[in-house]
Amino acid sequence: TVAVSFKNTKNKTIIQLPTGNLSVEKIVSGVGADTNKAFTFTVTLSDKTSGTYGDMDFKNGVATFTLKHKEIKTATGLPEGITYTVTESDNEGYTVESQNESGTIIADQTVSVSFTNTKNSIPLATGNLSVEKTVSGNAADTNKAFTFTVTLSDKTSGTYGDMDFK
């Protein structure tokens with residue numbers, strides 16, 4: 001009897017696919033802007049990538065997160081050639097300018113997306129207005145109703161205290 005033995009060895013070659021990064025930055029500026037406000041961002045990839053890539057968690061190709069003024073989140077190790085779209089919400093009252101909000105991941109590079117929200121509004125100062133009527137004299141009728149019209153310098157409409165403006 002002759003014993004024969006075989007040993008099978010599989011050499012697994014790991015192919016490292018080229019990857020790149022995607023950074024999203026938030027800038028808030030202007031008079032009346034809230035630099036502590038968190039704005040919501042959604043990054044949508046062209047495939048169904050799932051998992052944690054740097055600062056972003058993707059589920060079926062979508063990551064959602066918030067950024068405040070001067071904050072940055074970066075997705076690292078994204079496959080080269082994948083396309084992305086970045087959108088921002090929760091930005092009512094701001095003028096939004098963005099750069100590179102859609103594009104393609106480039107191998108060994110970081111694609112930078114920036115959103116700048118500008119608000120240039122100063123809260124208006126308010127005050128109160130009272131109208132008072134005094135009736136006097138010997139034959140004065142203190143029960144008589146008098147009509148008053150208040151005219152404002154602008155086109156303000158609404159109810160303010162006891163007065164309705166149109």
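Predicted model: local features only at pLDDT ≥ 70, side-chain atom pairs only at ≥ 80, totals over all residues.
**Entry 1: around Asn117**

I placed Asn117 in strand 10. Next I listed its contacts, leaving out neighbours within four places in sequence. Lys26, Ile27, Val28 and Ser29 are among them. Phe39 and Glu88 also touch Asn117. Asn91, Tyr94, Thr95 and Val96 complete the list.

Four strands make an open sheet, ordered 6-1-10-8, and the pairing is mixed. At its edges I found strand 6 (72–79) and strand 8 (95–99), each pairing on one side only. Neighbouring strands are turned by 15° against each other on average, direction ignored.

Strand 1 (residues 19–29) runs parallel to strand 10 (residues 110–118), with nine bridges between them. I checked two positions here. Ile27 faces Thr116 of strand 10 as its opposite residue. Lys26 stands opposite Phe115.

Strand 8 pairs with strand 10 in the antiparallel sense, over five bridges. On this side, Ser98 is the residue opposite Phe115.

Strand 2 (residues 39–45) and strand 7 (residues 83–89) run antiparallel and are joined by six bridges. Leu45 has Tyr84 in strand 7 as its bridge partner.

**Entry 2: Gly77**

Where does Gly77 sit? I found Gly77 in strand 6. Its relative accessible area is 30%, so Gly77 is partly exposed. I took the C-alpha distance from Gly77 to Pro18: 8.4 Å in space, at 59 residues apart in sequence. Gly77 touches Thr19, Gly20, Asn21 and Tyr53, not counting residues up to four places away in sequence.

**Entry 3: rings**

How many aromatic pairs does the whole structure hold? My search gave five. I looked up the pair of Tyr53 and Phe58, whose ring centres are 6.0 Å apart. Their planes stand at 75°, so the pair is edge-to-face; the cut-off is over 60 degrees. Tyr53 is also one of the residues that Gly77 touches. Phe58 counts as buried, because its relative accessibility is 3%.

I also found a cluster. Phe41, Phe65 and Phe115 are linked by ring pairs.

**Entry 4: charges over rings**

Which ring does the charged end of Lys37 sit over? The ring is that of Phe39, with the charged end 5.1 Å from its centre. Phe39 is also among the contacts of Asn117. I noted a further case at Lys144. Its charged end sits over the ring of Phe146, 5.5 Å from the centre.

Key. Residues numbered from 1 in each chain as written. Heavy atoms only, no water. Pairing = 2+ DSSP bridges. Helix = DSSP H or I, 4+ residues; strand = E, 2+ residues; numbered from the N terminus. Axes fitted to C-alpha atoms, helices over the stretch in contact; angles between N-to-C directions. Contact = heavy atoms within 4.5 Å. Buried < 20%, exposed > 50% of the residue type's maximum accessible area, 1.4 Å probe, protein only. Phe/Tyr/Trp six-rings, centres within 6.5 Å; stacked < 30°, edge-to-face > 60°. Lys NZ or Arg CZ within 6 Å of the ring centre and 35° of its normal.
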